[in-house]
Amino acid sequence: MAVTVEARSDKGLVLSYSGILTGQEIVDVKRTLITEQNRGLRYLIIDTTATDEIHISPSELRRIVEENMRLAAITEPGMLAAVAAPQDLAFGLSRMWEVISSGTGWRTLVFHSRAEADSWIEQNLSRTQLK
């Protein structure tokens with residue numbers, strides 16, 4: 001698996017995964033995000049469009065959620081999290097993650113394309129800034 005972490009100037013992060021992705025690799029990446037630099041994070045885009053296979057066990061999914069809870073402690077309340085998951089398995093796993101991550105307080109949504117995820121983030125960041 002390869003992951004690219006893009007930190008954006010507007011307090012957003014983009015995680016782009018490729019190749020064969022495992023749950024442990026996601027946990028490891030999430031742990032690296034819990035830093036002072038990410039305090040006040042406004043949004044997260046998780047892009048799985050370039051993954052070939054995904055292998056995540058139920059226990060790994062729970063650990064991913066645990067790491068999200070730790071990350072949520074330093075992010076902006078109501079942070080936006082969009083997942084781009086075009087493959088059926090990735091989409092289904094992302095929907096499960098979305099449901100069990102409700103305790104983070106994040107606003108999450110899963111999309112079939114990166115363009116849809118980007119658009120949702122852009123529209124909702126604009127609404128947030130108007131308040």
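How are H2 and H3 oriented to each other? The answer starts with their packing angle. In this predicted model, helix H2 (residues 58–72) and helix H3 (residues 88–100) pack at about 50 degrees. H2 and H3 are therefore oblique to each other.

## H2 against H3

Two packed helices are described by an angle and a distance, both taken between their axes. For H2 and H3, the axes lie 10 Å apart. The crossing of H2 past H3 is right-handed.

Which residues make the contact? From H2 come Leu-61, Ile-64, Val-65 and Asn-68. From H3 come Met-96, Trp-97 and Ile-100. Sorted by class, this contact of H2 with H3 has six nonpolar residues and one polar residue. It has no charged residues.

## H1 against H2

H2 also packs with H1. Here the angle is about 10 degrees, and the axes are 9 Å apart. Angles under 35 degrees count as roughly parallel, so H1 is roughly parallel to H2.

On the H1 side, the contact is made by Gly-23, Gln-24, Ile-26, Val-27, Lys-30, Arg-31 and Leu-33. On the H2 side, Glu-60, Arg-63, Ile-64, Glu-67, Asn-68, Arg-70 and Leu-71 take part. The contact of H1 with H2 has five nonpolar, three polar and six charged residues.

Ile-64 and Asn-68 of H2 are in the contact with H1. Ile-64 and Asn-68 are also in the contact with H3.

## The cavity

Rolling a probe the size of a water molecule over the atoms shows where empty space is left. How many cavities of 30 Å³ or more does the structure hold? It holds one. The largest cavity has a volume of about 210 Å³.

The lining of the largest cavity is made of 15 residues. Closest to the centre are Ile-26, Ile-46, Ile-56, Ser-94 and Trp-97. Several elements give two or more residues to this lining: strand S2 (12–22), helix H1 (23–33), strand S3 (43–55), H2 and H3. H3 gives the most, with four residues.

By class, the lining has twelve nonpolar, two polar and one charged residues.

Note on methods. Residues are numbered from 1 along each chain as its sequence is written. This is a predicted model: local features need pLDDT of at least 70, side-chain atom pairs count only at pLDDT 80 or more; totals for chains, interfaces and linings use all residues. Side-chain values use heavy atoms; hydrogens and water are left out. Axes are lines fitted to C-alpha atoms, for helices over the stretch in contact, and angles run from 0 to 180 degrees between N-to-C directions. Angles under 35 degrees count as roughly parallel, over 145 as roughly antiparallel, 65 to 115 as roughly perpendicular and the rest as oblique. A crossing is left-handed if the near helix is turned anticlockwise from the far one by less than a right angle, and right-handed if clockwise. Contact means heavy atoms within 4.5 Å. Ala, Val, Leu, Ile, Met, Phe, Trp, Tyr, Cys and Pro count as nonpolar, Asp, Glu, Lys and Arg as charged, and the others, Gly among them, as polar. On a 1 Å grid over the protein atoms alone, a cavity is a set of points where a 1.4 Å probe fits but cannot get out, and a pocket is an open set with protein on both sides within 12 Å along at least five of seven lines; lining residues have an atom within 4 Å of a point. Grid points are joined across faces, edges and corners, and a volume is the space filled by probe spheres set on the points.
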